[in-house]
Amino acid sequence: MMSSGLTIKEVAKKAANLLNRHEFARIYTHYDADGISAGAVLAKALLRARKAFQISFLKGLNDFEPEGDDLIIFADMGSRYSQKISEIDSDIIILDHHKPDGEIKPKRNLVHINPHFFGIDGTYELSASGVAYLFAKELGENRDLASIAILGIIGDKQKFSGLNAEILRDGIETKCIEASRGVSLPSGKLLNSLKTSLEPFLDFYKKEEELMEFLKKTKLDGDKEVDELSEIEVQRLADAIALRLLEIGAYEGVFEQVIGSRLIVKNLLLKNPVTLVDIVNSCGRIGATATAFSILLGDEKALKEGMEITDKFKTEILEEVSRRRSEIKEGFCIRYLIMEDAPSTSPIATIFSRYLFPEKPLVVLNIKKDGKVKVSARTTEKIAKRLDLSEVMRLASAKVGGSGGGHRVAAGANILRDRMEEFLKEVDRLCCAMLA
Ligand SMILES: [Mn+2]
């Protein structure tokens, strides 16, 4: 689409040059872990470059109204709003990894950085926080921001290969990240961590006996802190978790993300990046984006608040998962779940589709009080080789007068309640057609 012949780093340099022509930038980023991490990378880099900025966290650009700024930076969004962006009379930098939906015809200067333009896999090998990091690197010596960038990589469930591996290497070289053998689990007492972890989800919530049996078999003390387990204990735990994942029927791709390595970040408020991602995600989901953002910038008080939000949020999700698993319905080529006014759709869809029902694409519909339906569709990388959920969501929602899009493995839509049945039928039909 953009055949300038430049490398992604060269385009990042162009973005840095564009920024340097301004004293102030208006930043809009997404409210999830990747978007907030991208925002924190940008904030730190702009502070260091002595640029003023203002940052807002958005769900998307549907209701976006420009406010007459000279320079706007969009992170983790923008690529899928080519028409809307074309109408904005500002200099614009887009740092995104969602599949672009068309050509942007800018009114002024535009630098659009998206892995898709460079043959880089934007689903697994570069997230928005990573794109923001590449941009930050062109602004100055910002390699220590790799520890924040990896939070977006983990949050978007990407892999540490390709450019993501380079970011990790930067972090290790600058000693702000350490990688060791182990297993990826949130901090806390082992018993509680196993019971409440959402990623990996181990299905021990309200299954006290199974959890006790698990600890007994692995000869591990549930009261011990996860981050203080010895190397031998970590190895035993990793093996046992691998078995548990097999037992509950988790998607095979989960194993390589969970088992094998453990990352430690050295220059943020907490050492365990899995826990940081949990906190940023939970805060983002309930609208406490400023809290999440402050935590990444080093605010201790915000951390305390963020941890409380996270405990509450995770319990809510786990309750919802245990209550809803029997309500999942079978389509021809999909499974689906209809909820009414549930607190959150996407984390529930993620757990069901990765851990409990990975064999078919899963569509979760959440009917809001106002009659709008928020749809989250999820599938595994294996199925996504043959099927593109962002296309399914885009086409099926367009058919019923809604809107939708996203990634091959994780996409969403907004539709109206009275056309829900029609929408589901179309989603099922499209999935069958793509999988045929
Ligand atoms: Mn993202």
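Trainee: Is the crossing in which H5 passes H6 left-handed or right-handed?

Mentor: A crossing is left-handed if the near helix is turned anticlockwise from the far one by less than a right angle, and right-handed if clockwise. H5 passes H6 in a left-handed crossing. Helices here are DSSP runs (H or I, at least four residues), and strands are E runs of at least two, numbered from the N terminus. This is a predicted model: local features need pLDDT of at least 70, side-chain atom pairs count only at pLDDT 80 or more, and totals for chains, interfaces and linings use all residues. Residues are numbered from 1 along each chain as its sequence is written.

Trainee: Which residues make the contact?

Mentor: Contact means C-beta atoms, placed from the backbone, within 7 Å. H5 gives Ala146, Ser147, Ala149, Ile150 and Ile153. H6 gives Asn164, Ile167, Leu168, Asp170 and Gly171.

Trainee: Which residues of H6 are buried?

Mentor: Buried means 20 or more other C-beta atoms within 10 Å of a residue's own; exposed means 12 or fewer, and partly exposed lies in between. In H6 (residues 163-173), the buried ones are Leu163, Asn164, Ile167, Leu168, Asp170 and Gly171. They sit on the same side of H6, because they cover an arc of only 155 degrees around the axis. That arc is taken from the directions from the helix axis to the C-beta atoms.

Trainee: Why do residues three or four places apart point the same way?

Mentor: An α-helix has 3.6 residues a turn, so they do.

Trainee: What covers the buried residues of H6?

Mentor: The cover includes helix H4 (128-139), helix H5 (146-155) and strand E6 (177-183). Just after H6, Lys175 takes a positive phi of about 60 degrees.

Methods:
Contact = placed C-beta atoms within 7 Å.
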